[in-house]
Amino acid sequence: MTSAEKLVVARQLARLGVDIIEAGFPASSPDDLDAVRSIAIEVGNTPVGDDGHVPVICGLSRCNKRDIDAAWEAVRHARRPRIHTFIATSEIHMQHKLRKTPEQVVAIAKEMVAYARSLGCPDVEFSPEDAGRSNREFLYHILGEVIKAGATTLNIPDTVGYNLPYEFESLIADIKANTPGIENAIISTHCQNDLGLASANTLAGARAGARQLEVTINGIGERAGNASLEEVVMAIKCRGELLGGLYTGINSQHITMTSKMVQEHSGLIVQPHKAIVGANAFAHESGIHQDGMLKYKGTYEIISPDDIGLTRANEFGIVLGKLSGRHAVRSKLVELGYEINDQEFEDFFKRYKEVAEKKKRVTDEDIEALLSDEIFQAKVIWSLVDVQATCGTLGLSTATVKLIAPDGEEKVGCSVGTGPVDAAYKAVDQIIQIPTILREYSMTSVTEGIDAIATTRVVVAGDVSNNAKHALNGQSFNRSFSGSGADMDIVVSSVRAYLGALNKMCSFVGAVKASSEVPQNQSV
């Protein structure tokens, strides 16, 4: 996601009622630091709702001073800042990854938690990575030591999704019973989904005494993903009596909107049969089910679609079309939960009018696709002017592309390809001349009908590995960049997506170069 997209999602998480937003890994890149800082400044200081809710803004760091300094620089602007630092504690990780003894790991953890507190951060979270496979006695010891050093939250990760629910419940219960000073800290869970048990393990941990649950929207995350916010929240809401009366402050009415927003900005599409937020989660096709639903909805629905804000009908009866004015369109944006400034609205309204001239009715899905394409893109370095393509069985596919360069000069590229999209991409490459590899390409229609808007998503990679570091192992890697585009013409949609990814790449390279020029003794 771009910094702008991350900020939009963070605003929505605050509306959702999320208590702590772990906004990023600031040491991984200058762009991530800037994104977390922006979220801390705005979302971390803006009360939301009738109760004036302000979420904690958290930055992730490994147990080293450079990471912790970057995390503090990013989150210190928030009203309620937090640093989350971690180090591996399982035998397999300490031996093969860290190559350190248990005594060395304990010493590092204590020192770094104390260092984070010494910076002025009142709230420090500590995670023993791979706790699910760690020795219990060693866990009690290291957790007790970091509590003494100032840790306020102890996050217990099942990092590789190895535990079964009864094992994880036992782990949390044992930590609660045997860790010295545990009454001075909150126990948290962090469950991966490698065996499809992340949400079940999270609920088991809550039942055993965990009072912070680390989750993600739509269950996105490393490998098979993380515990899903919507699954955990709705399970607690639906079966809270079996969990000792546990509840959350999440406003479930915002779940559907948040899920769609994360899908749109991350490019990670939810499978149709995903629990709670999948397209088929409330669809009833079987005749037996339909018969029961017609007689009484409770026969086959344990929660109502209304509970997660699935109802999208406009209470004012506004149907957007080519005659709709600025006020009606802006009202629709507010209804969908989007806040944009006047200039952004004017840019969006221009695109809206172009589409409305060609479509009888503009749907909510069309609006969201255009918003993502027009407003929440990377910083514009190269901008699209025109695309013209020809294709078919009678000859080679050709494409002509006109772009505006960073210096404002118009540049034109022409190429042939195996198809119109291939030809258009080669024409863009001819102009920009950045070596890239197209890793992923996908296209979907956002609505039904022959006049549907096509949304294209691409992932590209190039030789830009400097200073991009993996959040867990700290190794440099060849970073990928995603882009999305929307248009009623599939070739134009494809070029917009490709250009969005290339603009992200250019921005990242520029930020890396700028940060490398900062003297070592200067603040991040």
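Predicted model: local features only at pLDDT ≥ 70, side-chain atom pairs only at ≥ 80, totals over all residues.
Local features need pLDDT of at least 70 and side-chain atom pairs count only at pLDDT 80 or more, while totals for chains, interfaces and linings use all residues. Residues are numbered from 1 along each chain as its sequence is written, and side-chain values use heavy atoms, with hydrogens and water left out.

**Stop 1: the helix pair.** Select residues 136–149 (helix H6) and 165–178 (helix H7); helices here are DSSP runs of H or I, at least four residues, and strands are E runs of at least two, numbered from the N terminus. The two axes come within 10 Å and cross at roughly 45° (axes are lines fitted to C-alpha atoms, for helices over the stretch in contact, with angles from 0 to 180 degrees between N-to-C directions).

Now show side chains: Arg136, Leu139, Tyr140 and Leu143 in H6 meet Glu167, Ser170, Leu171, Asp174, Ile175 and Asn178 in H7. Contact means heavy atoms within 4.5 Å.

**Stop 2: Ala149.** Stay in H6 and pick Ala149. Leaving aside residues up to four places away in sequence, Ala149 touches Lys110, Val113, Ala114 and Arg117. Val124 is 25 residues from Ala149 in sequence, with 9.9 Å between their C-alphas.

**Stop 3: the sheet.** Jump to the open sheet of 3 strands, ordered S8-S9-S10 with antiparallel pairing (strands pair if DSSP finds at least two bridges between them). Its edges are S8 (383–390) and S10 (410–417), and the twist averages 15° from one strand to the next. S8 and S9 (residues 397–404) share 7 bridges. Asp386 sits opposite Lys402 in S9.
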